[in-house]
Each structure stands twice: as structure tokens, then as C-alpha cells.
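Got a fold on screen and want to talk through how it is put together? Let's take it one question at a time.

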Amino acid sequence: MATGRNHRPATTSRSRGIPEATVARLPLYLRALTALSERSVPTVSSEELANASGVNSAKLRKDFSYLGSYGTRGVGYDVEYLVYQISRELGLTQDWPVVIVGIGNLGAALANYGGFASRGFRVAALIDADPAMTGKSVAGMGVQHTDELEQIIDENGVSIGVISTPAGAAQQVCDRLVAAGITSILNFAPTVLSVPEGVDVRKVDLSIELQILAFHEQRKSGEEAPEEDTAPPAAPPADSVTTRRPEAPAESAVRAGAEAHDEHRTEGPDGDIPAVMPA
């Protein structure tokens with residue numbers, strides 16, 4: 001089977017003009033279609049598949065039109081053909097070697113995840129910076145040290161790097177992956193990575209997802225912050241607005257001198273200008 005780094009598809013979603021939002025939904029359709037295929041369901045309507053995928057049927061039909069698949073009126077979509085068509089579009093008919101860097105609790109869990117192999121992703125190596133981890137068996141594979149990172153990527157034709165290190169080490173690992181030729185990174189570290197143009201990064205932050213769920217739980221329980229706490233301050237009544245009287249020449253001179261003095265004030269230790277200045 002062809003490997004991802006050396007044999008990329010001749011036709012990609014970008015060259016075919018498939019929107020990124022559609023690309024993001026294709027795995028949802030594939031998951032639902034695979035479940036139907038395992039139950040030997042031959043065809044499925046757009047409404048049934050949309051419900052199983054969590055989208056509306058109009059959006060699903062629009063997405064499939066980018067693939068050139070329109071279904072058959074009164075019959076629906078051929079399940080097996082759609083599985084093949086979406087898998088090919090996503091590049092899952094190839095072998096994609098993956099390297100996981102950072103074999104802590106999360107990295108070990110990813111290494112043990114059986115869904116990678118069934119979806120066309122082969123974990124080629126497990127890598128960690130801790131010398132105590134070198135040689136340990138995780139998911140039936142020996143952990144290798146980060147000193148060998150570039151050699152491992154080259155020898156295994158690695159296409160995708162997975163980062164599951166602590167936040168402080170993630171950018172350095174990312175830089176080494178990119179320098180070694182990796183252009184697709186899945187980042188589980190709780191930090192934003194800086195990458196050059198042409199490198200795709202997908203971030204998975206479990207804490208952010210939990211915080212979003214907490215927000216919705218708070219709203220459902222009616223515990224959101226009171227409106228008066230977040231409302232902008234009311235404008236002063238019209239009759240409370242005062243009009244500055246014209247200044248006398250002497251007053252203008254005094255004010256000009258004060259403003260000139262202000263230009264030479266120094267900021268306080270926290271960057272703020274002190275409220276009271278010495279004479």
C-alpha cells in the first residue's frame with residue numbers, strides 16, 4: 001500500500017474546491033455510513049444519514065454535491081459506494097504512518113487506541129524525552145528517545161506527527177517535526193503552536209471542550225451572571241452635563257504649563273502613571 005509522504009492523491013480537496021467546513025463534516029458522514037455498512041444496510045436517504053451525522057439534510061446534500069454524488073431519487077445513496085468515495089477523498093485508502101511524541105498518560109492512551117489502524121493510520125513510532133521511558137513497551141511498541149526523532153521520521157516515511165507533550169515542550173517538538181518534513185500535526189498539548197505556511201495543525205484541547213460544556217450547563221441551570229452585572233453604565237442625565245466656561249488668558253497659561261510638565265512624567269512600577277505627582 002502506498003504511504004502518505006511519498007504518494008499523495010493526485011486530486012485533493014483543495015484542488016477540487018471543497019470547502020473546509022465540508023471537509024470537517026466528511027468524517028461524520030463516514031462514521032455513520034460505516035455503522036450502516038456493518039449492519040449490511042444497502043442504501044440510505046439523505047434525511048436518515050443527516051440525522052445519524054448530526055447535520056441537516058440540505059447541508060448534507062450540498063456537501064455530497066462537491067463529491068459529485070447526488071444519490072437516486074426515491075432510493076437514496078448507495079452506502080458502500082459513499083464509504084469508498086469519502087474514504088478516497090479523505091485519503092484513507094492510503095497508509096499514513098504516524099509518530100506520537102510524548103508518551104505520558106495521554107500519549108499511552110492514544111497509542112492504545114485501536115481506531116487508528118482501522119481508519120488507515122499506522123502508528124510507526126512512540127517517542128519520549130524521558131530516558132527512563134526509552135525501551136519500555138507501550139501498546140506492544142518500544143518507546144524511543146527524542147534524540148532519534150528525525151531519523152525515525154525519515155526511515156518510516158512518517159506523514160503525521162501527534163504531539164501529546166506538556167505545553168512547555170510542545171513548540172520545540174513542533175519545530176523539530178516541521179524541520180524533519182512533517183506538514184500535518186495533531187496537537188493535544190494545551191498551547192497554541194506557531195508553524196510556517198503550508199503546515200496544517202489540528203488542535204484538540206479537552207479542557208476547552210469541558211469549559212464550553214460547563215457554560216451550557218450553567219445556562220441550563222439558570223445560574224448565568226445577572227444582567228445588571230454585565231450591562232454598560234448608564235449615560236448621565238442631560239441636565240447633569242456641564243459646559244466648560246472659556247478660560248482666562250492666565251488660566252490658559254497655567255494649564256499649558258501643567259500639560260508640559262505632564263509630558264515628562266514617568267510611569268509607575270506597573271506601567272501606570274501615578275495618580276499623585278510630586279510638586
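Q: Which residues touch the most other members of the largest nonpolar core?
A: A nonpolar core here is a set of buried Ala, Val, Leu, Ile, Met, Phe, Trp, Tyr and Cys residues joined through side-chain atoms within 4.5 Å, where buried means under 20% relative accessible area, exposed over 50% and partly exposed in between (1.4 Å probe, protein chains only). This is a predicted model, so local features need pLDDT of at least 70 and side-chain atom pairs pLDDT 80 or more, while totals for chains, interfaces and linings use all residues. Residues are numbered from 1 along each chain as its sequence is written, and side-chain values use heavy atoms, with hydrogens and water left out. Of the 20 residues in the core, the ones touching the most other members are Val99, Val101, Ile127, Ile153, Ile163, Leu177 and Ile185.

Q: Which element gives the largest share of this core?
A: Helices (H or I, at least four residues) and strands (E, at least two) are DSSP runs, numbered from the N terminus. Two or more core residues come from each of strand 3 (96-101), strand 4 (121-128), helix 7 (149-156) and helix 8 (167-179). The largest share is four residues, and it comes from helix 8.

Q: Is the side chain of Ile185 on the buried face of strand 8 or the other one?
A: Side chains alternate along strand 8 (residues 184-187). Away from its neighbours within four places in sequence, Ile185 is in contact (heavy atoms within 4.5 Å) with residues including Ile163, Leu177, Leu193 and Val201.

Q: Which residue in strand 8 is the bridge partner of Gly161?
A: Two strands pair if DSSP finds at least two bridges between them. Strand 7 (residues 160-163) and strand 8 pair in the parallel sense over four bridges. Within strand 8, the partner of Gly161 is Ile185.

Q: What does Ser184 stand opposite in strand 9?
A: On to the next pairing: strand 8 and strand 9 (residues 200-203) run in the parallel sense, again with four bridges. There, Ser184 faces Asp200.

Q: Why does Ser40 count as exposed?
A: Ser40 sits in the loop between helix 1 (20-38) and strand 1 (43-44). Its phi is positive, near 60 degrees, in a residue other than glycine. Most residues other than glycine have a negative phi. Ser40 counts as exposed because its relative accessibility is 63%.
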